[in-house]
Each structure stands twice: as C-alpha cells, then as structure tokens.
Amino acid sequence: MFCFQCQEASKGTGCTVRGICGKPEDVANLQDLLIYTIKGISLWAVEGRKVGVVNGEADEFIMNGLFATITNANFNKNVFVARVRKGLKLRDTLKEQVALAGGDTAAVTHDAAYFTGETLEDFEKKATQVGVLATENEDVRSLRELIIYGLKGMAAYAAHADNLGYKKDEIFAFMERALAETLNDGLTADDLVALTLETGKYGVDVMALLDEANTSTYGNPEITEVNIGVGKNPGILISGHDLKDMEQLLEQTAGTGVDVYTHSEMLPANYYPAFKKYDHFVGNYGNAWWKQDKEFDSFNGPILMTTNCLVPPKASYKDRVYTTSNVGFEGLIHIEEDEKGKKDFTQIIEHAKKCAAPVEIEKGSIVGGFAHHTVLSLADKVVDAVKSGAIKRFFVMAGCDGRMKSRDYYTEFAKQLPKDTVILTAGCAKYKYNKLELGDIGGIPRILDAGQCNDSYSLAVIALKLKEVFELNDINELPISYNIAWYEQKAVIVLLALLHLGVKNIHLGPSLPAFLSPNVANVLVENFGIAPMGTVEEDMKVFLG
Ligand code: FSO
Ligand code: SF4
C-alpha cells in the first residue's frame with residue numbers, strides 16, 4: 001500500500017504498511033482500485049456527455065466512491081470489493097450507452113475504461129498496479145493527487161446536498177472531467193495547476209449548494225448556547241456531518257425517553273432552528289473526532305457515525321457503534337436507507353433504552369451559530385467595531401483537529417491573540433479553543449463559530465461582504481489572516497476554494513501535505529504565499545506585523 005492523503009501520513013511521506021489512521025493494507029489497495037474504477041467510469045461519462053448521455057446512477061456512484069475513500073470514513077474491505085464489482089458493471093453499461101448514442105468509443109483507449117476482474121484475487125492483483133505510485137513523475141503525481149483529494153472533499157459535500165435533494169449537473173460533470181484528466185499523460189504541469197484551481201472554483205460552488213440545501217431545509221443557523229453537560233436519560237450520540245440523518249434520528253427518538261447528543265462535527269446541528277423544537281435534543285457531548293476512544297466509552301449509549309471521522313473502535317464500546325451511508329467498519333451494524341431515503345433507526349433506539357445515561361465529562365455551555373446570515377445581520381456592529389479600532393484583526397482558524405501533539409499550537413495561538421482580535425472558525429479545528437474564556441468585544445464574542453468544515457463557505461461570504469462594505473479591490477486588503485489546520489481531504493477542497501477566491505498568505509499546519517512535491521509546494525508558496533505553521537511567537541509576529 002501507499003497512501004499519503006492525510007496530514008498524518010507516516011513519517012511525513014506516506015503510510016506503507018498500515019495507516020496511522022488504522023486503515024489496513026488490503027483496504028488501502030482496494031480503495032486505490034475503486035478510485036481507478038471510478039476514473040474509468042469517468043472516461044465514459046465524459047464521452048457520453050458529448051452525445052447527450054448522462055447516467056445519474058454513474059454520477060452518484062462516482063460521488064459516493066470518492067466519499068467512501070476519505071480518511072476515517074470506511075475501513076470495510078467487503079464494501080470496496082462490492083463497489084468495484086458494481087462499478088465495473090456500471091462502467092460497461094455506460095460504454096454501451098455511449099456507443100448507442102453514436103459517441104466516439106475509439107477515443108477512449110485507457111486501461112481504466114476496459115480492465116476486467118471478478119474475484120478478490122483479480123482485484124488485489126490489479127490494485128497493486130494502479131495506486132498513487134503508478135504515476136512516476138513526482139510533480140505530476142503530486143498535482144493529480146491534489147486534484148483527486150480536492151474532488152473527494154467536493155464529493156462529500158455534494159453527497160450531503162444530494163441527500164437533501166439538491167444537486168447540480170455541472171458539479172458531477174466537473175468531477176468526471178477532472179478524474180478523467182488525471183489519467184491523461186498529455187497534460188503538462190501547467191495544465192494540471194490550472195485544473196487544480198478550477199477544482200477550487202467548483203469547491204466554492206459545492207459549498208454554496210450545500211449551504212443552500214442546509215439553510216433552505218433547516219433554516220439559518222442562529223446564535224445558540226449549546227449545553228455540554230448531560231441529562232439523566234439514556235442517549236444516542238450522533239457524529240459526522242449529515243443533517244438529514246440528524247433530522248431522522250430526532251424525529252424517531254421523540255417521545256421514546258431516549259435523548260440525543262451531538263459529537264464532533266455534528267455540534268453545529270444545535271444551531272439550526274428546525275432542530276431546536278426537540279426537547280430531547282440535549283446538546284453536545286465531548287470534543288473532536290480523535291477523542292472518541294475515550295468519549296464513546298463514557299457516553300454509555302449507542303453512537304451513530306454518519307460520516308468520517310471514525311476511529312477503529314475499541315472492544316469496550318464496539319458493539320455500540322452503528323454506521324450509515326459511506327461509513328463502514330467490519331463487524332459494526334450498518335443502517336441502510338430505503339428507496340424513499342428513509343432510515344430506520346429503531347434498533348439503535350432500542351439499544352439505547354438498555355444503556356445507562358452518559359457520564360458527565362464537562363459542564364456548562366458553548367456558543368455558536370455565527371454563519372453568514374447571523375454575522376451579516378450584525379454587519380453594522382462588526383463594521384463599526386472595525387472602524388473604531390475595537391476589532392483590529394480577524395483570524396480565520398478553520399479546518400480540522402487531530403491527535404498530533406503539535407496541534408496544541410492552535411490552543412496556544414488562540415490564547416496569545418491580542419484582545420482586540422476575533423477568531424472566525426468552522427470545522428472540528430474549533431475544539432482546540434472553543435472552550436477557552438476569550439471574552440467578547442462590545443458584545444461580539446471573540447470566537448465566532450460558523451459551523452462545520454463546509455461552513456467555511458460562510459467565512460468566505462463574510463469576507464466578501466466586508467470587502468464590499470469597505471470598498472476594497474482585493475480580499476487580501478481586509479484585516480483578516482488565515483491560519484488553517486488541516487487533516488483530511490475536505491480541508492483540501494476548502495483550501496482550494498479559498499485559493500480560487502483569491503485569498504493569499506494562508507498559513508497551513510500542523511505540517512504541509514505529504515502529497516505536495518517540493519516543486520508543487522513552491523508553486524503554492526510563490527503564487528499564493530502559502531506558508532507552513534511556525535512557532536506561535538513567530539507566526540504572531542508575521543500576522544500582526
Ligand atoms: Fe473534522 Fe474529520 Fe469536518 Fe474532517 S471530523 S476532520 S475536514 O472529517 O470533515 O472537520
Ligand atoms: Fe496514512 Fe492518512 Fe492514508 Fe490513513 S489516510 S493511510 S493515516 S495517509
């Protein structure tokens with residue numbers, strides 16, 4: 001195996017025996033083969049679109065396949081074997097559709113569009129030939145993977161929007177074109193850089209689409225005080241990012257005597273008006289994903305993982321973890337949806353009834369809900385505070401949290417920020433500082449949490465609005481600095497989206513991606529001023545002059 005897609009890539013170069021995330025070698029290889037299969041489907045999808053063939057099933061298969069290979073999403077070998085098998089069938093159906101519609105089938109020559117296999121042995125053999133290292137030139141490999149990881153993040157966000165009935169054909173068409181181009185040996189490094197930036201453009205589009213899906217379905221997030229203590233009833237803990245799952249779980253648990261708590265990236269569900277009507281929605285339990293090995297233990301009740309980040313579960317709570325959608329782990333019960341998009345959570349609810357109430361690990365509350373609608377409704381106040389000098393600078397500290405000790409930097413950075421600065425956050429990165437007492441500036445809290453990592457879109461909307469209000473020509477003239485923490489591939493699409501919007505001088509930590517070759521890293525440094533995280537003191541000087 002060779003995998004270097006996340007921030008924890010072994011030795012800063014790549015995992016070669018078993019992932020630091022716990023992904024075993026056979027699963028890593030089968031994920032490579034699924035990506036290769038998806039590229040093959042994409043070759044036909046691109047050709048098909050030229051003659052009016054659009055296959056919705058293939059679009060969804062590609063989206064979900066990308067999503068399932070994101071770090072900490074799916075560790076189940078059987079899922080990948082089944083998906084490769086299904087993918088090959090879909091690919092061949094699409095090929096026939098293209099031929100029937102008079103498409104240029106001879107134009108498609110790549111092996112990914114034709115290879116065959118049926119048994120596990122066939123797949124395992126093929127998988128070793130089509131992984132990341134199959135691209136020999138390290139710069140081309142780096143750019144191809146940068147694009148693919150951006151697409152994985154894009155696919156995750158597209159999938160959440162799709163679950164709420166929002167989709168855009170342009171986004172599927174782009175994913176397919178970009179995937180097909182990662183097999184094109186005729187592209188130059190410059191072509192691939194251009195495609196990387198274009199990926200950022202569609203990153204903005206997909207986050208806007210998901211924002212529309214979430215806010216039209218559940219209302220605009222509101223300023224909310226979220227309880228972090230516990231009640232007396234048994235509870236179900238829901239983690240991941242999918243709000244449709246959240247809605248269905250709340251509906252089905254109402255009146256059962258079972259409470260619902262959010263974990264990690266589901267915390268922002270507390271900010272949506274549609275979910276506030278449920279009295280048994282108690283609040284948030286615990287912290288970012290990587291603390292689940294302790295927090296799932298003390299929670300006592302069942303846990304529903306709607307997306308990443310799943311950590312291979314410990315024996316002490318393994319029988320209480322349920323998965324759904326693209327999450328998977330051998331031995332855990334997986335909840336499927338029916339044809340109408342409904343999921344039956346009865347067995348989780350019945351399981352919860354037999355469990356003790358959660359052990360209280362924290363008390364009190366945290367405040368969030370500062371997505372674009374709320375912040376823009378406070379725009380006058382914010383603008384006045386900037387004009388009067390009460391707020392000197394904003395720090396966008398969005399992204400991910402993770403278990404590396406070096407991430408303590410972000411806690412320290414937040415603590416040392418001058419009192420006339422405000423942190424704008426989104427994603428699980430917030431858990432590094434969202435329980436600090438940083439106070440407020442004239443009633444504006446010094447930490448404004450917009451929501452999940454996809455709600456980084458909100459931060460971009462806020463920045464663009466401020467640029468307009470202050471009549472600036474360039475988003476970089478705003479008093480906003482970007483100190484982003486990344487971990488997995490959703491952070492890659494967020495980063496590419498910010499680059500597309502013209503944001504410069506982003507600091508990225510706790511380490512630069514292993515998949516950036518020295519030359520590609522240089523392109524990012526020279527054209528966008530991307531810089532690695534330094535020490536808190538050094539960075540504070542750089543940001544504050
Ligand atoms: Fe975190 Fe995991 Fe949202 Fe990621 S829970 S690390 S960027 O999956 O998606 O922020
Ligand atoms: Fe290693 Fe990250 Fe890949 Fe897991 S996802 S195998 S930790 S690089």
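Which residues are buried in helix α14 (residues 408-416)? They are Tyr 409, Tyr 410, Thr 411, Phe 413 and Ala 414, where buried means under 20% relative accessible area, exposed means over 50% and partly exposed lies in between (1.4 Å probe, protein chains only).

## About the model

This is a predicted model, in which local features need pLDDT of at least 70 and side-chain atom pairs count only at pLDDT 80 or more, while totals for chains, interfaces and linings use all residues. Residues are numbered from 1 along each chain as its sequence is written, chains are lettered from A and ligands numbered from 1 in the order in which they are written, and side-chain values use heavy atoms, with hydrogens and water left out.

Helices (H or I, at least four residues) and strands (E, at least two) are DSSP runs, numbered from the N terminus.

Let us return to α14. The elements covering its buried residues include β9, β10 (421-425), β14, β15 and α18 (536-544); contact here means heavy atoms within 4.5 Å.

Helix α4 (residues 120-127) has Phe 123, Lys 126 and Ala 127 as its buried residues. Viewed down the axis of α4, these buried residues fall within an arc of 100°, so they line one face of the helix; the arc is that of the directions from the helix axis to the C-beta atoms. An α-helix has 3.6 residues a turn, so residues three or four places apart point the same way. Turned away from the buried side of α4 is a face with the exposed residues Glu 121 and Lys 125. Among the elements that cover the buried residues of α4 are α1 (25-50) and α3 (77-100).

## Strand β3 and its partners

Strand β3 (residues 259-262) is covered on both faces, with Asp 259 and Tyr 261 buried on one side and Val 260 and Thr 262 buried on the other. Strand β2 (residues 235-239) runs parallel to β3 and is joined to it by 4 bridges; two strands pair if DSSP finds at least two bridges between them. Opposite Tyr 261 in β3 stands Leu 237. From β2 the chain passes through helix α8 (residues 243-253) to β3, in a right-handed β-α-β crossover. Right-handed means that, with the strands pointing away from the viewer, the path from the first strand over the helix to the second runs clockwise.

Strand β4 (residues 281-284) also pairs with β3, in the parallel sense and over 3 bridges. Here Val 260 has Phe 281 in β4 as its bridge partner.

## The six-stranded sheet

An open sheet of 6 strands has parallel pairing and the order β13-β10-β9-β14-β15-β16. At its edges stand β13 (447-449) and β16 (531-532), each with a single partner strand, so one side of each is left without a neighbour in the sheet. Within this sheet, β9 (residues 393-396) and β14 (residues 480-485) run parallel and are joined by 3 bridges, with Phe 394 opposite Ile 480 in β14.

His 507 belongs to strand β15 (residues 507-509) and is buried, with a relative accessible area of 7%. Leaving aside residues up to four places away in sequence, His 507 touches Tyr 482, Asn 483, Ile 484, Ala 531, Pro 532, Asp 539, Val 542 and Phe 543.

## Around ligand 1

The residues surrounding ligand 1 include His 241, Glu 265, Trp 289, Asn 308, Cys 309, Glu 488 and Lys 490, each with a heavy atom within 4 Å of the ligand. Cys 400, Cys 428 and Cys 453 are also among them.

Three polar contacts, each a pair of N or O atoms within 3.5 Å, can be traced here. An oxygen atom of ligand 1 lies 2.8 Å from a polar side-chain atom of His 241. For Asn 308, a side-chain N or O atom is 3.0 Å from an oxygen atom of the ligand. For Glu 488, the distance from a polar side-chain atom to a ligand oxygen is 2.3 Å.

## Backbone details

Most residues other than glycine have a negative phi, and most peptide bonds are trans. The peptide bond from Asn 308 to Cys 309 is cis, with omega near 20°, and Cys 309 sits in the loop between β5 (303-305) and β6 (321-324). Gly 509 and Pro 510 are also joined by a cis peptide bond, with omega about 0°; Pro 510 is in the loop between β15 and α17 (518-528).

Lys 11, in the segment before α1, has a positive phi of about 55° although it is not a glycine. Lys 11 is exposed, with a relative accessible area of 80%. Asn 300 has a positive phi near 75° and lies in the loop between α10 (292-299) and β5. Asn 300 is partly exposed, at a relative accessible area of 23%.

Notes:
A polar contact is a pair of N or O atoms within 3.5 Å; within protein, one must be able to donate a hydrogen and the other to accept it, and residues adjacent in sequence count only if both atoms are side-chain atoms.
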